[in-house]
Every structure is written in structure tokens, then in C-alpha cells.
Amino acid sequence: MLQSALFISYLLLSLALLCALVRLVRGPTLPDRVVALELMASLTVAFIGVYALSNDRTAFLDVAMVLALTAFLTAVGFARYLEKGGHRGDQ
């Protein structure tokens, strides 16, 4: 049962990653691309979590936490950039 749930998790995460990649490429504005990139980072954290669960390796959870914190700081940095009047691409 666990193996089938892990397989379905990998499948759905892969599909979501593909959809986020399409949004990253198509845009059309810079904020759309950044949100897609943040989603891809979150999905990568989920991939790492599922991998850690499937292989019983808890060390990968530390990697997932570092990636999640880095993605959060990137989102904060981008929000500050836009707040200060950075190029949005939709004007």
C-alpha cells in the first residue's frame, strides 16, 4: 500500500512540476515566472520529502528544510524588489 501511495505521489508531483515549468516558460510577466519558480522549489521540497520517506533517509529532510528556507528568502527578496519599483513586465 505504501509503495503505491509513493508512486502516485511521485506521479502527481511530476505532473505539477511540468505544469509549473510551462508557466515558467510562458510567463507572461515577471511575477508569474517568479511564482512558478517558487512553486517548483516547493515541489522539489516535496520530492525530497517523499524520497526521504521511501528510502528511510532522514538526512534528506535537512536538505529539504534548507531548500524551503532559501526559496522563502528568495520570495521575500523579490517582493522587496517589486515594492521598490522594480520592473514588473505588465506595465
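1. Surface first. The protein chain exposes about 6,500 Å². Carbon and sulfur atoms supply 70% of that area. The model is predicted, and this applies to every value below.

2. Fold content. The protein chain has three helices and zero strands. Read from the N terminus, the order is α-α-α. The radius of gyration is 16 Å, well over the 12 Å that the globule rule gives for 91 residues, so the chain is more spread out than a compact globule. Along the principal axes, the C-alpha atoms fill a box of roughly 50 × 25 × 15 Å.

3. Burial and contacts. Of the 91 residues in the protein chain, 21% are buried. Take the contacts between residues at least 6 apart in sequence: 53% of them join residues at least 24 apart.

4. Charge. The protein chain carries 7 positive and 6 negative side chains. The centres of the two sets lie 8 Å apart.

5. The loop between H1 and H2. Helix H1 spans 2–26, and Thr29 is found in the loop between H1 and H2. Pro28 sits in the loop between H1 and H2 as well. The peptide bond from Gly27 to Pro28 is cis, with omega near 5 degrees. This bond deserves a look in the viewer. Is Thr29 buried or exposed? Thr29 has a relative accessible area of 12%; the cut-off for buried is under 20%, so Thr29 is buried. The Thr29 side chain also makes a polar contact with the side chain of Asp32, at 3.0 Å.

6. Ala41 in H2. Helix H2 covers residues 30–55, and Ala41 belongs to it. Relative accessibility is 17% for Ala41, which therefore counts as buried under the 20% cut-off. Which residues does Ala41 contact, leaving aside neighbours within four places in sequence? They are Leu67 and Ala71. Ala41 and Leu67 are 26 residues apart along the chain, yet their C-alpha atoms are separated by 7.3 Å.

7. The loop between H2 and H3. Helix H3 runs 59–83, and Asp56 lies in the loop between H2 and H3. Phi of Asp56 is near 55 degrees. That is a positive value in a residue other than glycine. Asp56 has 67% relative accessibility; exposed means over 50%, so Asp56 counts as exposed.

8. Recap of the local points. Within H2, Ala41 is in contact with Leu67 and Ala71.

How values were computed:
Residues numbered from 1 in each chain as written. Predicted model: local features only at pLDDT ≥ 70, side-chain atom pairs only at ≥ 80, totals over all residues. Heavy atoms only, no water. Helix = DSSP H or I, 4+ residues; strand = E, 2+ residues; numbered from the N terminus. Rg over C-alpha atoms; globule rule 2.2 N^0.38 Å. Buried < 20%, exposed > 50% of the residue type's maximum accessible area, 1.4 Å probe, protein only. Contact = heavy atoms within 4.5 Å. Areas by Shrake-Rupley, 256 points an atom, 1.4 Å probe, with all protein chains shown as cover. Lys, Arg positive; Asp, Glu negative; His and termini not counted. Charge placed at Lys NZ, Arg CZ, Asp CG, Glu CD. Polar contact = N/O pair within 3.5 Å; in protein donor to acceptor, adjacent residues only side chain to side chain.
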